[in-house]
Amino acid sequence: LARVLHTHFYSRRARMPSYKLTYFDVRGRAELARILFHYTNTPFEDIRLKREEWQQLKATGKAPFGLLPILEVDGTVISTSVAIVTYIAEVTGLTSDTPLERARGNMMMDGLHDVVDAFISKYFIEKDEEKKAELVTNFIDKVVPPWVEKFEALFKQNGGGDGWFVGSKVTCVDFAIFNLFDSLSSFLQKDINLLLPKDKAPKLVALVERVKALPTLAAYLEKRP
Amino acid sequence: MPSYKLTYFNGRGRAEIIRLIFAQAKVAYEDKRIEFAEWPALKPSTPFGCLPILEVDGTVLSESKAIASYVASENGLQGNTNLEKARAQMIVGVIRGFQDTLYTALFEKDEAKKATLTKKAFEETLPTVSGQLEAQLKQNATGWFVGEKVTYADLAVFDVFSEVTAKNPAALSAEKTPLLAALVEKVKALPNVAEWLSKRPQTGM
């Protein structure tokens with residue numbers, strides 16, 4: 001009997017896939033994925049490439065669409081940060097319970113992308129320093145505030161905005177909100193209050209604090225590159 | 001079955017992927033098409049000030065990719081495993097990214113800039129993306145992008161390529177990307193899709 005049980009338990013134990021995340025040695029489009037892995041204590045290889053190493057990897061065609069980040073799951077390669085993050089959320093239990101809640105969460109993830117996508121592409125193309133500064137000012141003063149207003153309104157639809165963004169447990173959306181404003185603040189070298197003002201978005205500000213205080217995340221934030 | 005109401009302008013644009021998913025799934029929905037003049041009044045009531053939106057028993061969803069993913073997942077068109085869903089989402093993201101590139105060129109007001117953007121989209125981006133999608137089809141080896149049956153990834157690629165080839169037949173070459181060309185034909189021939197294609201409103205975009 002002991003032998004049967006031993007075999008039963010060892011064959012039934014779920015083997016965790018091996019996760020390998022590859023990106024540059026910056027936060028950028030991979031940081032949210034790293035945050036989700038760290039928050040859930042999910043082991044993963046956090047590969048950070050130098051430019052030359054990326055050129056070499058790119059030439060192999062391993063990245064399906066010639067871009068980083070990529071996530072390798074037991075050999076299958078997933079590309080695009082949205083698909084990577086959605087996948088990690090699924091396998092680590094950071095998605096909502098109902099299809100509609102998940103859809104609201106995905107809508108929010110897409111919205112967060114929409115805030116920065118146009119700005120980031122223009123920012124890296126712009127070589128003129130003055131125009132670059134104008135882009136940043138326009139982004140902070142004109143682009144971000146309407147989005148913050150909409151996000152705050154959407155958040156308040158969920159129980160007044162006093163808990164997590166979607167449903168009643170923490171999901172990847174909460175981390176995505178934290179990561180967006182935290183990354184932007186760091187990238188632009190501006191105080192996060194400028195991007196997420198307490199008087200305009202009190203619920204979102206409180207949410208960001210709530211996320212930062214989550215124990216395993218706080219530990220990662222303290223020691224991350 | 002919830003009640004679905006899709007609101008968009010009178011065109012295919014960013015909503016057509018959702019209509020194709022509903023069609024393939026044979027799920028009834030209200031296909032509301034508004035005039036541009038109606039939009040300013042409606043805009044403030046939408047989550048992000050954009051269309052399309054999908055109302056599901058009162059909940060309002062925005063962002064066409066999120067809506068597409070939701071409708072696909074409710075109707076077995078998202079992929080079966082988490083990995084399959086991720087691959088499908090990746091492909092939809094990429095082809096929609098290409099569609100955005102086309103729209104940016106299309107709506108550019110400066111004629112010179114428009115010409116440059118359009119040229120780049122068709123001469124650089126399109127061949128690159130086509131080759132990458134061909135490789136994905138080859139890797140999956142079933143004729144579909146994901147798994148062994150049609151998913152919304154196939155519908156999304158069909159949507160964009162049928163749009164592109166309508167005005168530029170040479171944009172999809174059966175010699176250069178045989179699997180991709182075959183995929184577009186396969187989707188067109190799906191009975192539910194074919195039915196929708198034959199009866200959908202004929203609009204400029």
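In this predicted model, K20(A) faces E72(A) of strand β3(A). The strand pairing behind this placement is antiparallel: β1(A), residues 19-24, and β3(A), residues 70-73, are joined over four bridges. K20(A) also stands opposite E45(A), a residue of β2(A). Here the strands run parallel, with five bridges linking β1(A) to β2(A), residues 45-49. Getting from β1(A) to β2(A) takes the chain through helix α2(A), residues 31-39, in a β-α-β crossover that is right-handed.

Four strands of chain A form an open sheet in the order β2-β1-β3-β4, and their pairing is mixed. The edge positions fall to β2(A) and to β4(A), residues 76-79; each has a single partner strand, so one side of each lacks a neighbour in the sheet. On average, neighbouring strands are turned by 20° against each other when direction is ignored.

Helices from both chains meet this sheet. Within chain A, α2(A) packs on the sheet and touches β1, β2 and β3. The direction of α2(A) makes about 145° with that of β1(A). From chain B comes helix α4(B), residues 82-106, which lies across β3 and β4 of chain A. Relative to β4(A), α4(B) runs at about 40°.

How covered is strand β1(A)? Mostly: of its six residues, five are buried.

Definitions and conventions: Residues are numbered from 1 along each chain as its sequence is written. Chains are lettered from A and ligands numbered from 1 in the order in which they are written. This is a predicted model: local features need pLDDT of at least 70, side-chain atom pairs count only at pLDDT 80 or more; totals for chains, interfaces and linings use all residues. Side-chain values use heavy atoms; hydrogens and water are left out. Buried means under 20% relative accessible area, exposed over 50%, partly exposed in between (1.4 Å probe, protein chains only). Helices (H or I, at least four residues) and strands (E, at least two) are DSSP runs, numbered from the N terminus. Two strands pair if DSSP finds at least two bridges between them. A crossover is right-handed if, with the strands pointing away from the viewer, the path from the first strand over the helix to the second runs clockwise. Axes are lines fitted to C-alpha atoms, for helices over the stretch in contact, and angles run from 0 to 180 degrees between N-to-C directions. Contact means heavy atoms within 4.5 Å.
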